[in-house]
Amino acid sequence: PEQQDIERQVKKQVAEENARRQRYCTTLRTNLAQLQNNPRVRVEEQGEVRRLDEEERQARILETRQKIAETCD
């Protein structure tokens with residue numbers, strides 16, 4: 001019975017982690033689509049809203065693609 005309880009707990013933890021990863025991947029893919037399709041991306045940093053310049057936008061696209069490749073299926 002103890003082993004079964006442990007196995008159930010581990011399976012539950014794995015399922016929760018998979019669900020979290022799927023939500024994260026959905027967010028990453030949404031962010032990537034917004035970065036690619038909108039050249040006028042605005043970000044809020046320290047309470048101030050500003051527009052990304054093209055170099056920053058391209059850097060974020062690259063960074064987001066790398067995160068997707070590392071994390072998502």
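Predicted model: local features only at pLDDT ≥ 70, side-chain atom pairs only at ≥ 80, totals over all residues.

**Entry 1. Helix pair.** Helix 1 covers residues 2–37 and helix 2 covers residues 54–71. I noted an angle of about 155° between them, and their axes are 10 Å apart. Angles over 145 degrees count as roughly antiparallel, and helix 1 and helix 2 are therefore described as roughly antiparallel to each other. I also recorded the handedness: helix 1 and helix 2 make a left-handed crossing.

**Entry 2. Residues at the contact.** I then listed which residues meet. Helix 1 contributes Arg21, Tyr24, Cys25, Leu28, Arg29, Leu32, Leu35 and Gln36. From helix 2 come Arg57, Arg60, Ile61, Thr64, Arg65, Lys67, Ile68 and Thr71. By class, the residues of this contact comprise seven nonpolar, three polar and six charged.

**Entry 3. Nonpolar core.** Which residues form the largest nonpolar core? I found ten: Cys25, Leu28, Leu32, Leu35, Val41, Val43, Leu52, Ile61, Ile68 and Cys72. Helix 1 and helix 2 are the elements that give two or more residues to this core. The most comes from helix 1, with four residues. As background, I noted that nonpolar side chains tend to be buried together in soluble globular proteins.

**Entry 4. Leu35 and Thr64.** Apart from neighbours within four places in sequence, Leu35 is in contact with Val41, Leu52, Arg57, Arg60, Ile61 and Thr64. I next turned to Thr64, which is located in helix 2. Is Thr64 buried or exposed? Its relative accessible area is 10%, and the cut-off for buried is under 20%, so Thr64 is buried. Not counting residues up to four places away in sequence, Thr64 touches Leu28, Leu32 and Leu35.

Entry 5. Lys11 counts as exposed because its relative accessibility is 60%. From Lys11 to Leu35, the C-alpha separation is 36 Å, at 24 residues apart in sequence. In helix 2 I looked up Glu54. Glu54 has a relative accessible area of 41% and is therefore partly exposed. Between Glu54 and Ile68, which stand 14 residues apart along the chain, I recorded a C-alpha separation of 21 Å.

**Entry 6. Gln46.** Where does Gln46 lie? I placed Gln46 in the loop between strand 1 (42–45) and strand 2 (48–51). Gln46 is not a glycine, yet I noted a positive phi of about 55° for it. With a relative accessible area of 84%, Gln46 is exposed.

Definitions and conventions. Residues numbered from 1 in each chain as written. Heavy atoms only, no water. Axes fitted to C-alpha atoms, helices over the stretch in contact; angles between N-to-C directions. Parallel < 35°, antiparallel > 145°, perpendicular 65-115°, else oblique. Left-handed = near helix turned anticlockwise from the far one by under 90°. Contact = heavy atoms within 4.5 Å. Nonpolar A, V, L, I, M, F, W, Y, C, P; charged D, E, K, R; others polar. Core = buried A, V, L, I, M, F, W, Y, C linked by side-chain atoms within 4.5 Å. Buried < 20%, exposed > 50% of the residue type's maximum accessible area, 1.4 Å probe, protein only.
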